[in-house]
Amino acid sequence: MKQAALASLFTFLLHAATGNAQVVGSPSGFAAGTTGGGDAEPQTPSSLDELVSWITDSTPRTILIDREWNFIGTEGTTTGQCCSTRTTTCEGGTSAGQASIQGTCDDGTWISCTYDNAGKSPLEVGSNKSIVGVGSAGVLRGKGLRLRDGANNVIIQNIHITELNPQYVWGGDAITLDGSDNVWIDHNKFSLAGRQFIVSGWGKAGHVTISNNEFDGVTEWSAGCNGKHYWTLLLIGEEDWYTFSGNWIHDVSGRAPHLGTDYTDSKILFHGVNNYFQDVGGHAFDVDTNTYVLLEGNYFDGVDTPITDTSLSSGALIYDTPTVDAAGACTASLGYICEWNRLSASGSWPELTEQAVLNEFALVSDSLVDHYGVADVPATVVANAGVGKI
Ligand SMILES: *[C@@H]1O[C@H](CO)[C@@H](O)[C@H](O)[C@H]1NC(C)=O
């Protein structure tokens with residue numbers, strides 16, 4: 001804490017002296033060592049074309065996002081048929097639903113729809129990039145980011161990605177990891193996506209730290225029919241190590257997160273630490289097979305279903321630190337006492353203490369980030385997560 005305060009004071013003084021912004025801090029956890037654009041002189045694009053070319057080229061860069069870049073309308077719109085199902089019509093629901101932009105509609109009816117093309121085609125991020133917001137000004141509206149085909153060493157910090165055809169499933173993902181490695185996603189905000197805020201797969205996402213982000217699910221179009229975004233995080237890459245810490249996940253209704261798949265021969269490690277799950281009108285963790293999941297120091301506040309029932313029979317390996325004893329039992333494998341998870345006005349927290357999880361994490365114990373006391377999570381995370389907080 002003290003170190004962090006000093007670091008941000010230093011950064012503030014640096015900015016005051018140079019008038020420049022840049023990456024603040026460095027990643028801990030699985031993406032440790034990620035440097036993004038490294039020493040590249042921070043550059044501020046002056047046009048949408050320049051922004052696109054700098055993000056997608058193969059030159060190491062520190063790209064400052066000092067304004068809202070609005071992509072909506074820049075690639076035209078498509079009018080066609082979308083599939084409407086019960087999660088579109090939302091009978092008895094408290095909000096409108098989402099129709100799906102897709103080619104088949106076996107269990108629904110076709111309706112006419114118009115969507116923005118830019119939201120469906122993310123920018124392909126090159127290697128060795130830092131994409132950094134300035135103050136609280138950095139917004140990508142109507143376009144997401146995709147890291148694939150070996151994209152390596154990327155930092156995305158302090159930007160808000162929003163308005164990706166939120167009325168339509170498949171309208172757009174905010175961040176896609178598919179054949180990437182060494183990615184730090186820090187202090188961003190995600191809202192109003194058509195599909196996932198963060199998605200990986202089927203290729204590998206690699207070593208990823210997702211820290212201090214705000215996942216804001218408030219929407220008028222919810223596949224959960226309750227004004228809360230359903231498609232939060234879908235992490236199903238081939239060979240992935242996720243550190244997920246300090247995030248604020250609120251007003252969502254599903255996949256917060258979904259982990260794992262039997263579709264590929266994947267292996268996913270997920271260390272979830274000190275996250276604040278608030279007002280989840282649906283499920284938080286939905287865990288499929290091929291996963292090792294260590295959860296400690298997370299706070300669930302008004303979460304209907306903290307872990308789905310199917311997670312218990314999917315073959316998922318989960319250590320969810322339900323008791324003081326379970327916290328202490330970490331010591332033999334990890335060398336420290338885990339922090340237990342806390343629930344308030346939430347559904348049940350099954351006792352899952354799979355030793356295989358501790359054995360697996362023992363092999364990567366250098367990459368396990370520290371926790372703090374779970375009682376402090378709501379206040380600390382709300383004060384720190386999202387844009388304009390660094
Ligand atoms: C990224 O940086 C690394 C280390 O300097 C270098 O080996 C690699 O070629 C760079 N990638 C690109 C696409 O420039």
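This note goes through the domains, a helix, an arginine and the ligand shell of a predicted model.

1. Basis. Residue numbers start from 1 along each chain as its sequence is written. Because the model is predicted, local features need pLDDT of at least 70 and side-chain atom pairs count only at pLDDT 80 or more, while totals for chains, interfaces and linings use all residues.

2. Domains. The protein chain divides into domain 1 (2-73 + 122-384) and domain 2 (77-109), with bounds that come from an automatic or database domain assignment, and the C-alpha centres of the two lie 28 Å apart. Their contact takes 12 residues from domain 1 and 13 residues from domain 2, where two residues are in contact if their C-beta atoms, placed from the backbone, lie within 7 Å. On the side of domain 1 that touches domain 2, the residues comprise 6 nonpolar, 5 polar and 1 charged; Ala, Val, Leu, Ile, Met, Phe, Trp, Tyr, Cys and Pro count as nonpolar, Asp, Glu, Lys and Arg as charged, and the others, Gly among them, as polar.

3. Annotated span. An unreviewed UniProt entry lists residues 94-306 as "domain: Pectate lyase", and such annotations may be inferred rather than shown by experiment. In the model this span is 0% helix and 55% strand, with its end C-alpha atoms 22 Å apart; helices (H or I, at least four residues) and strands (E, at least two) are DSSP runs, numbered from the N terminus.

4. Helix α6. In α6 (residues 355-362), V357, L358 and F361 are buried, that is, 20 or more other C-beta atoms lie within 10 Å of their own, whereas exposed means 12 or fewer and partly exposed lies in between, with C-beta atoms placed from the backbone. Seen down the axis of α6, these buried residues fall within an arc of 95°, so they line one face of the helix, the arc being that of the directions from the helix axis to the C-beta atoms. They pack against β22 (267-273), β24 (291-296), β26 (317-319) and α5 (331-334), while the face turned away carries the exposed residues Q355 and A356.

5. R195. Although R195 lies in the loop between β14 (189-193) and β15 (198-200), R195 counts as buried because it has 27 C-beta neighbours inside 10 Å. Leaving aside neighbours within four places in sequence, R195 is in contact with V169, W170, G171, G172, D173 and W231.

6. Ligand shell. The residues around the ligand are S58, P60, S127, N128 and N153, each with its C-beta atom, placed from the backbone, within 6 Å of the molecule. By class, this shell has 1 nonpolar, 4 polar and no charged residues.
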